[in-house]
Amino acid sequence: MTEQFPILIIIAPLFGAILIALLGFRHQSLCLPTVLGSLAISCAAAVGTFLKVLEQGTVLYNLSGWERVTTPRGLFSVSIEYRVDAISGLVLVAIAAVGLLNAIYSKVHVVTETPNKVPHYYILYLLLVAGLAGMTITNDAFNLYVLIEISSLSSYALIAIGSRRAVLASFNYVIMGTIGASFYLLGVGYLYIKTGTLNMTDIHAALATLPKDSPSVQVALILILIGLWIKMAFFPLHGWLPNAYAYSPTATSTLMGPLVTQVMIYIMIRMMLSLFGAEYVFDHLQWTNIVVGLSVIAIVAGSLFALSRSDLRKMLTYLIVAEVGYMVGGAWLANSMGMTGAIYHILSDAMMTFTLFMVIGIIITRTGKTELTAFQGLFRKMPITMTGFTIAALSMIGLPPTCGFFSKYYLVRGGIEAGQWAYVGALLFSSLINAVIFFRLIEMAYFHGGKAYGEEITDKDHEHHHSRGRELDAQPDETLEQVPWSMLAPMLMAAASLLAIGIFNRPIAGWINAALETLNLAQGG
Amino acid sequence: MKPMKLAALLTVIVTGGLLLFATSDLPDWGDPLSPANASDLSTYYIQDSRDVTEVPNLVTAVLADYRGYDTMFETVVIFVAGLGILSILGQGKCEEPLAQPVASEQNRERDMITIITCRLVVPIIQIFALYVIAHGHYSPGGGFQGGVMLGSSFILIALTSGLPDALKRMSQERAIFLAGLGVLIYAGTGLVCMALGRNFLDYEILHKLMGGTGVKARYDSMLIVEIGVAFTVMAIMFIIYAVLSSKGRMRGGL
Amino acid sequence: MDVFLDFLIAKFNYWIYVILMMIGLFAMIAKNNLIKKLVGMCIFQTAIILFYVSIGVKEDARIPILTGHEVPHGGHYHTEDHERPYIDAKTVTNPIPHVLMLTAIVVGVSTLGMALAIAQKVHLHYDSLEEDEILAKLQLGNND
């Protein structure tokens with residue numbers, strides 16, 4: 001049974017979606033239990049797979065049952081296979097857990113924001129989770145493309161299902177996303193033309209036999225990188241992200257915000273390490289300075305945009321843009337410390353963003369405001385929500401014992417080791433900006449009880465409130481904390497995971513490091 | 001507007017230059033000895049796949065068996081597209097086709113000749129579609145092609161007799177059900193393989209259920225999954241047409 | 001010059017796909033009308049399909065459907081119950097790009113359908129398909 005865990009992660013949500021398509025339209029009450037059940041199975045399978053990886057190393061799972069074929073030149077794969085190592089195991093657990101927690105959290109939102117379309121919504125939701133998990137687990141370059149498209153198509157629809165403004169954002173995302181995915185496909189085509197295979201392990205082996213300065217392999221790497229950068233919203237290519245996340249339904253942004261960009265970063269790291277190989281990407285090409293330079297720009301620009309936004313969700317989206325810069329830069333520092341930091345940050349950033357999106361979702365539905373001023377005096381009115389918010393804020397700023405501190409610690413150490421002082425400076429600058437943003441909010445929430453603060457914005461608040469068409473109206477002060485536990489519990493669990501990832505940073509970094517060693521990064525750079 | 005055009009032009013020139021730069025390294029057109037064409041993988045498919053699947057159409061063999069997992073998700077992509085379009089434009093709840101046609105529908109004159117011709121042509125299209133699905137093992141064809149043809153036969157009805165008429169034959173609810181059923185047939189085949197103790201989509205083990213040898217089981221299972229694909233494609237192609245042509249109102253139409 | 005011409009002719013498939021793809025990319029970025037952007041997207045995706053299919057071409061080779069009359073290539077291939085000649089791989093077109101592109105075509109159709117639905121919804125909301133007009137309407141909406 002345990003050898004079937006890897007596939008269960010993917011097909012549990014897939015069968016959930018099929019079940020809803022067959023029965024959910026007649027019996028809408030079936031939808032939510034199906035979603036929760038299938039995601040719980042997926043989550044359990046992800047944890048099981050991860051434990052198995054810790055026990056016995058990399059797990060391979062062969063779909064369609066074709067064994068590798070032997071030739072004089074060695075073994076090669078004729079079908080599609082899964083490959084799970086400690087890193088992808090961690091990412092898979094994060095995907096399944098976020099998917100499950102978000103399904104619990106958003107059960108009210110789905111009904112209020114997309115009435116009449118609950119089954120549609122849940123089918124797309126499950127397939128988005130399945131697509132993201134499939135991207136992480138697959139070891140086939142073309143299969144990755146198909147799964148990128150599954151998750152993209154479902155996310156286009158999940159965004160466009162929202163408000164008026166979301167439709168336009170979704171259209172831009174379709175255009176950008178298609179360019180990104182097509183570039184990736186083209187890059188895979190170039191690799192296929194040079195190597196004649198699609199299995200990542202086999203491509204890696206075949207690339208080693210090719211001349212190192214082959215222009216088409218370099219162009220393939222460029223195409224794949226640009227494609228993935230568009231998909232992860234790396235700074236100059238981030239145009240689609242802020243509007244798409246800020247105007248989409250709550251459940252969509254809380255799922256996509258933490259997962260889509262982070263999974264794409266994992267895919268980039270996967271491409272760099274197991275497809276092209278660390279020695280090729282770092283030692284041979286010498287592009288480190290360029291990419292790290294780009295990431296510095298991304299971090300600084302993302303942070304400054306975030307500082308200048310007064311809409312809560314917009315601010316968060318720009319913080320994501322800055323965080324993407326952290327991870328891309330960390331991955332390209334060309335040393336194992338930076339890579340460990342980047343991968344560790346994928347986890348911690350996923351959970352931080354998730355917590356913040358949930359907190360802000362709760363605050364927006366409860367206060368009816370989307371502006372920063374919604375935080376006024378919230379500590380007294382919503383103590384539980386604000387506890388979660390404080391933990392997430394501390395983590396974003398990078399204070400121990402939250403995971404944000406440790407990921408920054410690894411990234412900074414990697415930056416110093418690599419001598420990338422601009423990157424280290426950008427990290428510190430961004431932490432400073434995060435401190436300004438979040439301490440301002442905490443201060444507002446703690447001290448400003450009355451209406452004295454920011455009265456000039458109130459008119460705008462109202463207009464926003466109405467245009468957003470939120471179902472739940474602003475509540476009188478005393479009843480604000482009557483948030484259902486279905487929202488609070490996932491939020492608190494995510495906040496607790498921030499502390500847990502922080503406290504257990506040593507074993508997690510150890511697992512990541514061990515996996516990196518098998519990918520030849522330890523001595524690379 | 002001008003700076004946008006300039007930026008686009010610049011992007012296009014840089015990208016195009018980059019791609020052309022890479023071609024210096026790529027094999028010539030039609031080169032049978034290029035790394036892709038002479039690779040072990042390609043040679044294996046050409047020389048060995050018929051012996052272990054009995055399918056002479058190599059594309060079908062690779063598509064439905066070796067890369068069957070890809071194809072399953074390809075079906076899911078179609079499924080996602082259909083549901084996505086319904087969720088973006090549709091009215092939400094699955095309504096039965098209106099008993100009373102919309103005003104614009106009544107006023108429109110339907111040409112007798114097209115309707116009668118279409119009635120004659122539709123069964124032929126559908127039978128040919130079934131042939132294409134079933135004959136995918138031996139000739140170009142298979143679930144997608146056949147499914148598209150089946151879907152187009154319903155679209156033809158919608159074009160000539162009006163969308164309500166077509167929706168009477170294939171309502172929105174039924175289409176979603178069929179689309180889900182198609183994916184279920186495909187993924188369910190994989191699941192049965194798992195239940196019998198093999199990996200997902202390892203058709204070989206299905207000989208325990210279907211009799212015959214493992215090779216025959218692979219051959220037959222490919223037909224089963226192609227039928228699943230055809231269901232989904234047929235239903236979703238029609239949904240896409242119905243939703244887009246009626247702006248999601250599912251009535252009136254073109 | 002001759003060297004360059006040889007180069008051009010030997011690799012003409014790449015030139016065609018690059019030119020088509022860049023036309024598509026330009027339309028996707030620069031065009032103002034949403035439908036024209038989608039037309040660009042179609043060209044863009046089709047160019048990639050063209051590229052992939054052109055990878056698999058072998059000169060003078062047959063389609064990848066075996067008829068039993070393939071040119072044998074040396075020895076015999078032994079399976080359990082029968083004996084078949086090795087097929088000379090040079091005489092049969094590479095099936096892999098075709099398989100991949102079947103998938104990519106389907107993905108392209110799905111993306112196009114979804115994008116058209118979104119464009120139609122945009123039109124329902126803003127009564128226009130011109131990007132600048134829509135943005136102008138948005139600006140107007142924010143100010144009042």
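At what angle do helix H4 and helix H11 of chain B pack, and how far apart are their axes? Here are a few notes on this predicted model, starting with that pair.

1. In chain B, helix H4 (residues 68–89) packs against helix H11 (residues 214–245) at an angle of about 20°, and their axes are 9 Å apart. Because angles under 35 degrees count as roughly parallel, H4(B) is roughly parallel to H11(B). Their crossing is left-handed.

2. By class, the residues of the contact of H4(B) with H11(B) comprise 13 nonpolar, five polar and no charged.

3. Now over to chain A, where Met339(A) lies in helix H14 (residues 336–367). Is Met339(A) buried or exposed? A residue with 20 or more other C-beta atoms within 10 Å counts as buried; Met339(A) has 31, so Met339(A) is buried. Met327(A) is 12 residues away from Met339(A) in sequence, with 8.4 Å between their C-alpha atoms.

4. Chains A and C also touch: 24 residues of chain C are in contact with 22 residues of chain A. On the chain C side, the elements giving two or more residues are helix H3 (34–55) and helix H4 (95–126). H4(C) gives the most, with 13 residues. This side of chain C has 17 nonpolar, five polar and two charged residues.

Technical notes
Residues numbered from 1 in each chain as written. Chains lettered and ligands numbered in written order. Predicted model: local features only at pLDDT ≥ 70, side-chain atom pairs only at ≥ 80, totals over all residues. Axes fitted to C-alpha atoms, helices over the stretch in contact; angles between N-to-C directions. Helix = DSSP H or I, 4+ residues; strand = E, 2+ residues; numbered from the N terminus. Parallel < 35°, antiparallel > 145°, perpendicular 65-115°, else oblique. Left-handed = near helix turned anticlockwise from the far one by under 90°. Nonpolar A, V, L, I, M, F, W, Y, C, P; charged D, E, K, R; others polar. Buried ≥ 20, exposed ≤ 12 C-beta atoms within 10 Å, placed from the backbone. Contact = placed C-beta atoms within 7 Å.
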